[in-house]
Amino acid sequence: MARPVKKTPEQWKKEILDAAKQLFLSKGYEETAITDIMELAGGAKGMFYRFFQSKEEVIHALGDQMFFENNPFEAVKKCSKLNGLQKIRRVLAFDRADEEREHINTQAITILKDPRILAAAIQANRRKLTPLWFELIEEGQRDGSIRTEYAKELSELLPLINFWLMPSVFPASAEELQHKCRFIAEVLAAMGLPIIDEGMYERTEKLLANFTEEGEV
């Protein structure tokens, strides 16, 4: 009788994330328990805690994994015919088109009510996304498609916009959220970065379908 193949820690972590992704997409984050994840992954509950402290940590790790598996910043690097501004708009379009990651991220919004989790998410976005935005803005400055003196400031601001639009973080009605979107579009355009288009407003409408006015799913 063949002995079972021992999985490496990397394999276990991947299988736990894959199981969580399948369950979050089919059942939803709130309806999925850690025991459900480990049953699907084929391991004991104790194995879960070798890699993650909580289900909240899993959904953030899963969001990161899905981002890097389909990284829009890497995709636009291959678009040599696009200037910097066009690449930024393409990144936003790619991001909106990733429906599975959008669904996972939407489910993660409610847990951002926890200040500790919110602070960690902001720090992670700043660390990962700010350098990527800065690179594209600088490219736009070089090719003349972006005229701004605030490349550093804009690259730091862009990762924060999504948090400001979350009703679970900053409570807002549907009308107030639409007004915020118009405000963002005007501010970025005034700073030399006219990147907000109708797609941004459509994304906001989609997010609104998942919230009450108090910002609860």
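**View 1. Lys-14 and Asp-18 sit about one helical turn apart in helix α1.** The model shown is predicted. The two residues are separated by about one turn because they lie four residues apart in α1. Lys-14 forms a salt bridge with Asp-18. The closest N and O atoms of the pair are 2.7 Å apart. Side chains of opposite charge can pair when their charged atoms come close. A search of the whole structure finds seven salt bridges.

**View 2. Helix α1 packs with α7.** Helix α1 covers residues 9-26, and α7 covers residues 99-108. Their axes are 10 Å apart and meet at an angle of about 80°. That angle makes α1 roughly perpendicular to α7. On the α1 side, Lys-21, Phe-24 and Leu-25 make the contact. By type, the contact residues are three nonpolar, two polar and two charged.

**View 3. The largest pocket holds about 1200 Å³ of space.** Its lining has 47 residues. Closest to the centre of the pocket are Asn-105, Ala-121, Asn-125, Leu-129 and Phe-163. The lining divides into 26 nonpolar, nine polar and twelve charged residues.

**View 4. Several helices line the largest pocket.** Helix α8 (115-143) gives the largest share of the lining, eleven residues. Other helices that each supply at least two residues include α4 (55-69), α5 (72-77) and α6 (84-97). Helices α7 (99-108), α9 (151-164) and α11 (198-208) also each supply at least two.

Note on methods
Residues are numbered from 1 along each chain as its sequence is written. This is a predicted model: local features need pLDDT of at least 70, side-chain atom pairs count only at pLDDT 80 or more; totals for chains, interfaces and linings use all residues. Side-chain values use heavy atoms; hydrogens and water are left out. On a 1 Å grid over the protein atoms alone, a cavity is a set of points where a 1.4 Å probe fits but cannot get out, and a pocket is an open set with protein on both sides within 12 Å along at least five of seven lines; lining residues have an atom within 4 Å of a point. Grid points are joined across faces, edges and corners, and a volume is the space filled by probe spheres set on the points. Ala, Val, Leu, Ile, Met, Phe, Trp, Tyr, Cys and Pro count as nonpolar, Asp, Glu, Lys and Arg as charged, and the others, Gly among them, as polar. Axes are lines fitted to C-alpha atoms, for helices over the stretch in contact, and angles run from 0 to 180 degrees between N-to-C directions. Angles under 35 degrees count as roughly parallel, over 145 as roughly antiparallel, 65 to 115 as roughly perpendicular and the rest as oblique. Contact means heavy atoms within 4.5 Å. A salt bridge is a side-chain nitrogen of Lys or Arg within 4 Å of a carboxyl oxygen of Asp or Glu.
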